[in-house]
Amino acid sequence: YDIRVTCDPSNMASYQNYSYAQMIFKDAFTVPVSMEGKKLIVKANDVHYGYARGSGYYPENSSVTVTAEPVEGYRFVRWERDGELFSAYPNTTFTINEDMTLVAVFEPITYTISAETNGDYGTVEGTGVYEHGDKGTLTAISKRGYVFAGWYADNGFKIQISTKESHDFTALKDATIYAKFLPGAKVTVNG
């Protein structure tokens, strides 16, 4: 049996100018419905990390394709069956001959945020590994007899980003930021 699903947005509840039907069903589509054959369940290890598609009932020994798609900030790692590697590819085609459950494993993308200085004149705190979209702060700490002169995007210290000792960032890629220190006395104003 085939069931044709169509959505009439005028009969659906509205959510921020989009009907629920428009968010879920972009077009009408046909869904094959059969309770015979081999049952395939596909799911993501976490519904917030990505989508897994391909669940259904399939005739024994038929060719089946499952697809996995991560959301922004996550990456596909592998398909697992019973906790074991099934496939390393997000789009996988195989012959189904028994009921099975496949899990698409996704993980957060991580980035290394590092900092370098122009010598042994100071240090930087806040470097490390961050997940996609994480916010962080790099803090420059001058050694005695030196002052912080700025954050730079290049190791030639030509493209200045900021002169503040603390620099906030959002991790969207691996990055190295350069801290420049110069000889001098730190001036503190009391008052």
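**Exercise 1.** Which side chain does Arg81 meet in a salt bridge?

*Solution.* Keep in mind that we're working with a predicted model. Start at Arg81: its side chain meets that of Glu98, at 3.1 Å from N to O. Arg81 sits in strand β9 (residues 74-81), while Glu98 is in the loop between β11 (91-96) and β12 (100-108), so the pair links distant parts of the chain, 17 residues apart. Finally, check accessibility: Arg81 has 22% and is partly exposed, and Glu98, at 36%, is partly exposed too.

**Exercise 2.** Work out where Lys143 and Asp120 lie and what their salt bridge ties together.

*Solution.* First, the bridge itself: the two side chains meet at 2.8 Å, N to O. Lys143 is in the loop between β16 (135-142) and β17 (146-152), and Asp120 is in the loop between β13 (110-117) and β14 (122-125), so the bridge ties together parts 23 residues apart in sequence.

**Exercise 3.** Is Glu80 buried or exposed?

*Solution.* Take its relative accessible area, which is 17%. Buried means under 20%, so Glu80 is buried. Its salt-bridge partner is Arg78, with the closest N and O atoms 2.6 Å apart. Arg78, at 28%, is partly exposed.

**Exercise 4.** Describe the lining of the second largest pocket by class.

*Solution.* Begin with the volume, about 180 Å³. The lining includes Ile113, His167, Phe169 and Lys173. Sorted by class, it has eight nonpolar, three polar and one charged residues. Strands β19 (166-170) and β20 (175-183) each supply at least two of the lining residues.

Notes
Residues numbered from 1 in each chain as written. Predicted model: local features only at pLDDT ≥ 70, side-chain atom pairs only at ≥ 80, totals over all residues. Heavy atoms only, no water. 1 Å grid on protein atoms, 1.4 Å probe; cavity = no way out; pocket = protein on both sides within 12 Å on 5 of 7 lines; lining within 4 Å. Points joined across faces, edges and corners; volume = space filled by probe spheres on them. Helix = DSSP H or I, 4+ residues; strand = E, 2+ residues; numbered from the N terminus. Nonpolar A, V, L, I, M, F, W, Y, C, P; charged D, E, K, R; others polar. Salt bridge = Lys/Arg side-chain N within 4 Å of Asp/Glu carboxyl O. Buried < 20%, exposed > 50% of the residue type's maximum accessible area, 1.4 Å probe, protein only.
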